[in-house]
Amino acid sequence: ILAEHYILRPHGEHYKMALTDKSRLSNFDTSEVTGLSISNLSEVMSFFNKVYPGNYFEPRMLETNKYYGIRDSGELISVAGVHVCSSRYRVAALGNIATYPKYRGRGYGTTVTAGVCKSLLPEIEHVGLNVKTDNKSAIKCYEKLGFEAIDSYGEFNAELKLSNI
């Protein structure tokens with residue numbers, strides 16, 4: 001339906017994942033996970049510019065106090081947070097989960113994501129996230145934490161065709 005009036009640029013297939021087994025979070029030691037706030041903005045922006053360019057991050061996301069990181073020798077090496085969080089509706093969507101490439105494969109992404117999830121549980125009932133279906137390492141991380149794929153979808157950018165203006 002959209003193709004008649006829009007130029008569609010696909011960004012691949014994605015899974016919608018939900019945290020369905022919260023008990024698995026207790027298997028992870030999150031003592032090295034620290035909270036990030038708006039006072040860490042320049043450090044977080046620098047991290048994402050290097051590690052996850054083109055991601056969707058807005059400084060206001062740090063104001064949720066639901067962003068966490070892991071440091072090595074004072075340097076931020078892994079980050080996870082929320083795109084959306086509502087205590088009223090008891091729902092949160094995780095996002096911006098990234099680890100410096102030289103630190104990948106050591107469990108930092110899993111640990112920092114576990115830290116975010118643990119911080120959410122007292123007030124949030126439903127935790128979800130979206131991930132590209134070909135991002136096997138991220139999917140494995142999320143499944144270890146108790147997430148499962150509950151649906152899939154195609155993601156696109158849509159640009160109005162000039163003939164429709």
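Reader: Which residues does glutamate 148 touch?

Author: Leaving out residues up to four places away in sequence, glutamate 148 touches Lys16, Met17, Ala18 and Thr20. Contact here means heavy atoms within 4.5 Å. This is a predicted model, where local features need pLDDT of at least 70 and side-chain atom pairs count only at pLDDT 80 or more, while totals for chains, interfaces and linings use all residues. Residues are numbered from 1 along each chain as its sequence is written, and side-chain values use heavy atoms, with hydrogens and water left out.

Reader: What does the side chain of glutamate 148 do with threonine 20?

Author: The two side chains make a polar contact at 3.0 Å. That term covers a pair of N or O atoms within 3.5 Å; within protein, one must be able to donate a hydrogen and the other to accept it, and residues adjacent in sequence count only if both atoms are side-chain atoms.

Reader: And how far is glutamate 148 from aspartate 21?

Author: They are 127 residues apart in sequence, but 8.5 Å apart in space, C-alpha to C-alpha.

Reader: Where is glutamate 148 found?

Author: In strand S7, residues 147-160. Strands (E, at least two residues) and helices (H or I, at least four) are DSSP runs, numbered from the N terminus.

Reader: Okay, what order do the strands take in the sheet?

Author: Seven strands form an open sheet, S2-S3-S4-S5-S6-S1-S7, with mixed pairing. Two strands pair if DSSP finds at least two bridges between them. S2 (34-36) and S7 stand at the edges with a single partner strand each, so one side of each has no neighbour in the sheet.

Reader: How many bridges join S4 to S5?

Author: Seven, and strands S4 (residues 75-86) and S5 (residues 91-99) run antiparallel. Valine 82 stands opposite leucine 94 in S5.

Reader: New topic: how many residues of H2 are buried?

Author: Twelve of the 13, so H2 is largely enclosed by the rest of the structure. Buried means under 20% relative accessible area, exposed over 50%, and partly exposed in between (1.4 Å probe, protein chains only). Among the buried ones are Tyr108, Val112 and Leu120.

Reader: Why does threonine 110 count as buried?

Author: Because its relative accessibility is 6%. Threonine 110 lies in helix H2 and touches Phe28, Cys141, Lys144 and Leu145, not counting residues up to four places away in sequence.

Reader: Back to glutamate 148, what is its relative accessible area?

Author: It is 40%, so glutamate 148 is partly exposed.
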